[in-house]
Amino acid sequence: KKNKKKNNEKNKEKKTEWKFESKSDPGSYYVVKQVSEYKVSCTCSGQYRAKDRKCRHMKEIMLELNIK
């Protein structure tokens, strides 16, 4: 007997997309996607301002996925 929650029928594997609500523009969302095993991308402009090219959304997801 399996007791699994039905998340997304088409995506039965690991989660590969996360949404973050904008702090400066509530109601707008940024999307972080896992594009490869060790890489994520984000739709916010913070990644272009950061010295390491990783915004806070990307860093949060990288930490969750144990990506360095």
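**View A. Elements covering the buried residues of α2 in the predicted model.** The cover over the buried residues of α2 includes β1 (17–21), β2 (29–36), β3 (39–42) and α1 (46–49). Contact means heavy atoms within 4.5 Å. Helices (H or I, at least four residues) and strands (E, at least two) are DSSP runs, numbered from the N terminus. This is a predicted model, in which local features need pLDDT of at least 70 and side-chain atom pairs count only at pLDDT 80 or more, while totals for chains, interfaces and linings use all residues. Residues are numbered from 1 along each chain as its sequence is written, and side-chain values use heavy atoms, with hydrogens and water left out.

View B. In α2 (residues 56–65), the buried residues are H57, M58, I61 and M62. They lie on the same side of α2 because they cover an arc of only 130 degrees around the axis, taken from the directions from the helix axis to the C-beta atoms. L63 and E64, on the other side of α2, are exposed. Buried is under 20% relative accessible area, exposed over 50%, and partly exposed in between (1.4 Å probe, protein chains only). After α2 comes N66, with a positive phi near 60 degrees.

**View C. The sheet.** Three strands form an open sheet in the order β1-β2-β3, with antiparallel pairing. β1 and β3 stand at the edges with a single partner strand each, so one side of each has no neighbour in the sheet. Pairing requires at least two DSSP bridges between two strands; β1 and β2 pair in the antiparallel sense over 5 bridges. E21 stands opposite Y29 in β2.
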